[in-house]
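Visitor: I have a model open and some terms to question. Can we take them one at a time?

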Amino acid sequence: MKQTIFTLKNKMKVILVPSHKSPVVSVQMWVRTGSADEKKKEEGISHFIEHLVFKGTDKYKVGEIAGTVEASGGELNAYTSFDQTVFYVTISKNFIDTAIDVISEMMGKPTFDLLETNSEREVVCEEIKMGIDSPGRSASQLMFRSVFKKHPYGSPVIGYEKNVRSWSIKKIKDYYNSRYVPSNMTLILSGDFDLKETKRKVTQIFSQFTPFKLSKVKRAKEPVQKKPAFSGKTKDVAESTVQIAWPAPHARHKDVPALEVMAMILGQGETSRLYSKLRLENALVNNVSAFTYNPVDNGLFAVSLKITDQNIQEMFKSLFIEIEKIIQSEITWDELKKAVVNISSEQFYAIETVDGIANKIGSEDFYMKDPNAYQKYLVKLLQLQPSDILKVAKKYLNINTANYSMLSRHDLKDQLKLLRDGAHTWKKTKEVFVKKPKTKVKKIKMPKIKFSAVKSTTDFPLEFYKTKRGTEILFKKVTDTPTVSAKIIFGGGARLESSDKQGVTEMLSRTWPAATETKTEAQFLKTIEDSAAGLNSFGGKNTNGLSVDYMKAFEKTVVSLTEEVLNRPVLSQDIFNREMEILKKQILSKQDNPSYLCGRQFLEMMFPNSILSYEQGGTLETLKNVTLNEVTRNLDRLKATHNMQVAVVGDFDRQLWIDAVEKIEGEFKHTGRQLKTTSVPTLREIKQQFLKKDKEQSHVMIGWNALALTDPRRYILQIIQAVLSGQGGRLFIELRDKNSLAYSVSPIKMETLETGYFGGYIACSPDKVNKAIEMFKQEFDKLATTRISEDELLRAKKYLIGQNDIGLQRKSSYCNLIAFDHFYGNEIDDHLHIDRIYNRITVDDVKSLAQSLFSKPYVTSIVGRE
């Protein structure tokens, strides 16, 4: 990717990356400051500042920043990490000036207004409470604290409520002016822009930033660990999280490529060693993964395991056998090749979008101080040998530097005993482990992978092809990157289930595709991962099918395998039994998720005794009636002439796909669309239900009956959704910005063949629930009784048009859109030229639809404390 790099007179670095693949631009500001640069009692101030710069600048008042961007069809956001804070806008190329202006105002002229700052304190405190309720976030923070006892990586990025409530405006401004300075910033622009003109504008605007002196920070160093450490946290959860983490090097260390490969071989993907042994072969865990985290300072290498009622010591025994194998014996060349191909291919998917390009360049520049570092990284990957992985395994997977952590409902004493017993199991495993004699293995040729620039592409027309037996194939050629995304859709889904057999669709997606008549499950998974591909089934309320994603170099292999899993599948009883047990454990773990429980309660009130309220994964009761024969019959029913449709987007071989589809349909024994409609009773009374859960936050959903997915008024409803959503939308401004009720508030919507729902969702403190419900009702009532303004309508239209363009950058998104639109009988052209639809909608259309929906009965679902 060709870049223009220069430094302004105030020492701000600028990187411009033109890419004309889509009419979209990404503007990002990377600030070299994060939570690890904060002192005692400052923990969380970087994250708080990230919030505050959205609250007003010299030019923009509260809400106007988001409103301006969204009214131009763009999206904006920011994130804070240990090491950096990043602010970004993605927008149509026609509004690049808006993006540049907004970023310059946020980063150069924030006002830190007292009233707005105090209001945002409540929002951030709600976000902190949301994190406390989250088992995943709690487990992650526990792990980082266990590894980083002195270094600031051990403190949560979001900080602590007592800190957020304590900082004065002066403290915030002083901190901002000491760290958010031009010499500590890098501005990155990628996308469809004129290089010369953009360089002139950027230089003119950002050179005006005052070159405040950067306050240097000295981070505390982590002492050398000499013995294992153990930590636990008691939380009322059904699913326990066990993590083992070891100290690992920083991003620029020479061992990082080998650590990335070791993580993939150990615990990334279904053919990884840990997933194969602990999840697939023995079902000792619900999930297991391994990863390496290599930030600016020394990081960590970790293994994470999720369990419910499995034997934890058996899990440890199996885990440490695999750990010892990778410490004691070299990996195979096949494993190395698979890891290199998969890590390399991820980079092509990462640059499908202009914001992906900017993220890639930003990360490489930030961590490696070289925007083109990935070219060198790929070279290092290709030079790796099995002996290199053995070296890093011996070096970092040290029994004396392991940090064990556990989040579960056990009390702390019991947790620590379980973890110490696990450490003892590793010691015993190490003592008795028999190293396999080294055999001479012939080196295999590693693939030649070149990470080339994104090339411009011809705008090929969308083609509709029909086979002799009537199967439609939608082709869209896009050749900017050597990737392909395909969707094979069958009518069916939960509509083929009976109420006492909920979960059949879910079990089908878990057991197929797997084995075939010529391949075991392990061989099938190996073929997929060797090809750096994705071949996964999906199942919803209306459809089943396959999602296929692959690199062009592996097209023949992947298309052939797709044909095989459709025509020659083997649904194994062993796989079925294993996945059924895991599904039951996951159903129990969902009880830890209050937003899930709120949604379930909401659906059951909205659509009682209807397939629309069926539980996707079934219930513990209905799963008793789900058998392998039932799942097999379900798959057989799907494979019917006129029930399948295929969409392929990317750099594909057209004839190869036509031949494959004709072979697939040639073996169909049934005929007819399986997309059956059902009667859904209309909501006739106001309903409210409360479920008690002892959580920091309560979760609320309120909603009305709405529209079917083929209703022509759905585009008006999308306008209503846009008026309410986004940082410039009514719900965000009224419930969050003005009243500080929550961190998370948004409209909710579902459309099915028969009907749908529309409403709002919020997670807030229990004492704010009643006010939140009243404000929801006020906002929906306003829509029904008062016309929105022409300005609001224009903002909503531009926002939706822009989001549509931004979303269509990804081949998978484009493929999903054309596939499902056509399958349900909607006009594909509507989405490809969405501006024509939206521009016909008037304020009277919006009010009329709102009246017809929001003047009727509604349901309210609440989960949390009383």
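**Terms and what backs them**

Visitor: What makes β22 and β26 a parallel pair?
Guide: This is a predicted model. Two strands pair if at least two bridges link them. Six bridges join β22 to β26 (residues 858-864), and the two run parallel. So the pair qualifies, by the two-bridge rule.

Visitor: Why are β22 and β24 said to stand at the edges?
Guide: The order in this open, mixed sheet of five strands is β22-β26-β23-β25-β24. β22 (687-692) and β24 (742-751) each have a single partner strand, so one side of each lacks a neighbour in the sheet. From one strand to the next, the twist averages 15°.

Visitor: Which strands does helix α26 lie across?
Guide: Helix α26 (residues 769-785) lies across β23 (698-705), β24, β25 and β26. Its angle to β25 is about 145°. Helix α24 (residues 714-724) lies across β24 and β25 (756-764), at about 180° to β24.

Visitor: What share of the 866 residues is buried?
Guide: Buried means under 20% relative accessible area. By that cut-off, 60% of the residues in the protein chain are buried.

Note on methods:
Residues are numbered from 1 along each chain as its sequence is written. This is a predicted model: local features need pLDDT of at least 70, side-chain atom pairs count only at pLDDT 80 or more; totals for chains, interfaces and linings use all residues. Side-chain values use heavy atoms; hydrogens and water are left out. Helices (H or I, at least four residues) and strands (E, at least two) are DSSP runs, numbered from the N terminus. Axes are lines fitted to C-alpha atoms, for helices over the stretch in contact, and angles run from 0 to 180 degrees between N-to-C directions. Contact means heavy atoms within 4.5 Å. Buried means under 20% relative accessible area, exposed over 50%, partly exposed in between (1.4 Å probe, protein chains only).
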